[in-house]
Amino acid sequence: MKKRISIALLCFSVALSNALLSLPVKAADSMQEAEPYSETDFEAYLTEQGFPESYKTELRKLHDSYPNWIFEAQHTGLEWTEAVSAEGIIGKNLVPGSSITSWKSTDEKVYNWETGEWTELDTGGWVAASPAIIEYYMDPRNFLDETYIFQFLKQSYNPQTETKEGIENMAVGTFLAGTYEEDQTQLYSDALIQAAQASGVNPYVLASMIIMEQGRDGSGASISGKVKGYEGYYNYFNIGAYKTESMSAVERGLWFAKGSGQDAVSYNRPWNTRTKSIIGGAEHYGENYVNQGQDTLYLKKFNVQGDNLYNHQYMTNVAGSASEGSIMSEAYTDALRTGNLTFKIPVYENMPEEVCQKPTGNETPVREEEQTKPDTDQTPESGGEGTNTEGTGSVDSGSTEENNSNTGNNGNENINGNIELTGGEAKVGDTVTVKAEVSSEKAAISSYSISLIYDPQSLEFIPDDSQRGGVGAANLEGALEQAESTVELEAVFKVLKAGEHKIDISEARVLTADEVLLTMSSQAATVKGIQDAEVSGDETEGSLDTSGGSGTVPPQNGAGHTSDTSKKPESSASGTPEQPNTSASGALEQSDASGTDISEKGNEAANAGNTRKDSAEKREDTGIQNKNSSVQYEEAEAPVTKDSNVSGILGIIGAVSAGSAVLIIIAVIAINAVSVRKKREEDSID
């Protein structure tokens, strides 16, 4: 009897222990809810967050000095080389023309190898940045110190840590430390606190942005109130300030401040007082950036999150986020740095083991030896400097429909509108009109800038007075007096060759009256060049496409363009690049707060030696890769931890074990009851 009871107790103990093991093991809380590091194992925490080893050395140093700081790994899900290449598109990142040569791009579209001169892409002498300097500023590991770390600080407003006194500390030596006259004397620090309350944005962030935009002395023309035609209007954040064919960057920004030519009243416009400009600009920034996931200075400069990757970037100054982070750090006194400040630091896939170094060379650029022209069955080499290149010769005219990463779509469904190009045909030597329809059912279009690319050996752009272009590139831009849902444009080209010639979109900026950039899909156009009717019958027969008798020349080198197309110019400075913000001297060095989204053309299709079927398959593969990239990003935000895997397995085992143990106990009790009853019956018989 005692033996049976012991067995029952043993089974019950086993069941209880398994049941306890089945309780889920709680994974570490999200960064927003994390406990101070002083109460956790910091090393384990870094590992659980997924920081690579190359991040940890500097993070340990910061932790030693500021044990309450919280470091959140933002897993972008993006390949490092792909991200750097996407940011290398000409016009996305600029440096001052006075920079050393290794900071400046030597892409042939923006550097003249004959004269040694760089193309100015924005007012003030700003030129295209080199891949090496872009890599340096994109690599978060270069900025994990107590000054530059602030470019990763989350930007939501916390009145307990962000105060008027803090603003005044960081504003020492700048015009924001002073006052301005408006009805009565106003303190800039008071206006910034009001702006923070209205927008939900950290006032230290707002102050650092204004200093970057208008200079430490406040000499920026955008806040002078004296620009001809815009007297009494102010734009402290330079929202909408980018150069167009008809307006300077300052004029364009003040045009927005005045109401975008349509008496718009959003964001407290018109900004005919300094206070209205500061508060309204902060509301615009909060709504269009911080609340859209671009909630650090780094993400404002390099948009590596969300559906509109590498677009909707506030500035083109490649050093912008690092510079603003340095300014903002001055607001955080030793006392403020003792708090639980949260820093969101990007982590990319397959980053180099070594930190990307800042280039230091200042030698005269030397052209690399020209590569041997490819054979007819080879694919042309991609262009340098991280820019997208693509064959612009003849392609299958039936393959122009696509969700174009060029216009900010990146394979996602968050589309606001469409840009459709329609081609035509003409004899060689004649002109053809290409139509562009820009439309949106979701928002009215206020302004647009569309950059086209084409093969300059096959077509020649004939601009009118309101258009501009260069070799292989054309730009259509304008601002509407009244916002419309559809805009119809035309571009005239002269046909230089027989055959089918593709015209595509390399960059697109379509904005609403509130300077909100619309994400657009697009369709390319095909222009067909017809051989002159006087060509002899024998020659014509030998040059016609036998599949359709259309009179087109069959593709050369397998794709309709000659073997030296690897040297073809692409869209560049002739398009409208993103513009920089204001420098310390007040010169413009970045573009508007939301109108800077310029979409880049993804590599696709029409490589020499590839068949049309291969081209179509490549485009399809590109779409799949874009989609997969989006999925990877979403999954990266909620990683499955080792602890959660273990807890799940133990839970299953525990549940099964507990059930088995209960059955065993019931069986033992039943057997015991039967035995007791039988014994009693035997005793009664005796």
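**Exercise 1.** Find the helices that the buried residues of α8 pack against.

*Solution.* Start with the model. It is predicted, so local features need pLDDT of at least 70 and side-chain atom pairs pLDDT 80 or more, while totals for chains, interfaces and linings use all residues. Residues are numbered from 1 along each chain, and side-chain values use heavy atoms, without hydrogens and water.

Step 1. Locate α8: residues 203–214. Helices are DSSP runs (H or I, at least four residues), numbered from the N terminus.

Step 2. Check burial (under 20% relative accessible area, 1.4 Å probe, protein chains only). In α8, 12 of 12 residues are buried. Among them are Tyr204, Met209 and Glu213.

Step 3. List the partners in contact (heavy atoms within 4.5 Å). The buried residues of α8 pack against α6 (164–170), α7, α10, α11 (297–301) and α12 (320–329).

**Exercise 2.** Describe the largest nonpolar core.

*Solution.* Step 1. Define the core: buried Ala, Val, Leu, Ile, Met, Phe, Trp, Tyr and Cys residues joined through side-chain atoms within 4.5 Å.

Step 1. Size it. The largest core has 91 residues. Tyr137, Phe343 and Ile345 have the most contacts inside it.

Step 2. Find its main contributor. Helix α8 gives the largest share, eight residues.

Step 3. Look around Ile345. Beyond neighbours within four places in sequence, its contacts include Phe51, Leu59, Pro140 and Phe152.

Notes:
Buried < 20%, exposed > 50% of the residue type's maximum accessible area, 1.4 Å probe, protein only. Helix = DSSP H or I, 4+ residues; strand = E, 2+ residues; numbered from the N terminus.
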